[in-house]
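Please look at the sequence and the structure shown here, and then follow the report on the ligand and its surroundings.

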Amino acid sequence: MKFFVDTAEIDAIAELNDLGMVDGVTTNPSLILKSGRDILEVTKEICDLVDGPVSAEVVATEAEDMIAEGRKLAQIAPNIAVKVPLTWAGLKTCKTLSEEGQMVNVTLCFSVNQAILAAKAGATFISPFIGRLDDINLDGMDLIADIRQVYDNYGFETEILAASIRSVNHVADSARIGADVITAPPAVIKKLADHPLTDKGLEAFLSDWAKTGQKIL
Ligand code: E4P
């Protein structure tokens, strides 16, 4: 399973990257706003830092303009994945750019039918949003499972990028289902290491070790 970090904060990406936990990065207009940075500058810095795909999202709503924005974003670095919304204009952009050899991440996916359309348009990644479905009392994880089944039924090669992840359980459940990639905020990725029994066990080991009076170094 690949880990993408869902942020445009350079320091947070660098910290996880140093630990070998970053296979890619996803950004969106809201994350760019939060970073307070210029999209072209910060995306270039992220691409220089990380080897894997870095999603940068178009903001036009008509296909012609989306395609132009996508081509401009693609010039930032070879590891850009142009992110487009799951609209007909976004799907047209996906088809055009993927035929040009560009990685495309189709985002804001909330149904299995939308995921089928993205695969047929040649998407490199489909981003189903788990948390936002949970927010309206639907089960985001069911969508990941449905897309996995349908993609496997037909051999679609588009990678399932489980997005809008809000908890460590979302990560574990996505892994059980077989999502190809998860993208999560840095805080969620850091929480994956936490377990109270690890803390308790370590405390006991260190206490017993102190009683031995020994040193390793
Ligand atoms: C995915 O690419 C999106 O940037 C992100 O996961 C959305 O998450 P949110 O629903 O928590 O904003």
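## The pocket and its ligand

In this predicted model, about 350 Å³ of space lies in the largest pocket, where a pocket is an open set of points on a 1 Å grid over the protein atoms alone, at which a 1.4 Å probe fits, with protein on both sides within 12 Å along at least five of seven lines, and a volume is the space filled by probe spheres set on the points. The lining counts 19 residues, and Asp6, Asn28, Leu31, Arg132 and Pro185 lie nearest the centre of the pocket; a lining residue has an atom within 4 Å of a point.

The ligand sits in this largest pocket, in the sense that more than half of its atoms lie within 2 Å of the grid points. Among the residues that surround the ligand are Asp6, Thr26, Phe129 and Ser164, each having a heavy atom within 4 Å of it. The table lists polar contacts, which are pairs of N or O atoms within 3.5 Å.

| Side chain | Distance to an oxygen atom of the ligand |
|---|---|
| Asn28 | 2.7 Å |
| Lys83 | 2.6 Å |
| Arg132 | 2.6 Å |

Residues are numbered from 1 along each chain as its sequence is written, and side-chain values use heavy atoms, with hydrogens and water left out. Local features need pLDDT of at least 70 and side-chain atom pairs count only at pLDDT 80 or more, whereas totals for chains, interfaces and linings use all residues.

How values were computed:
Polar contact = N/O pair within 3.5 Å; in protein donor to acceptor, adjacent residues only side chain to side chain.
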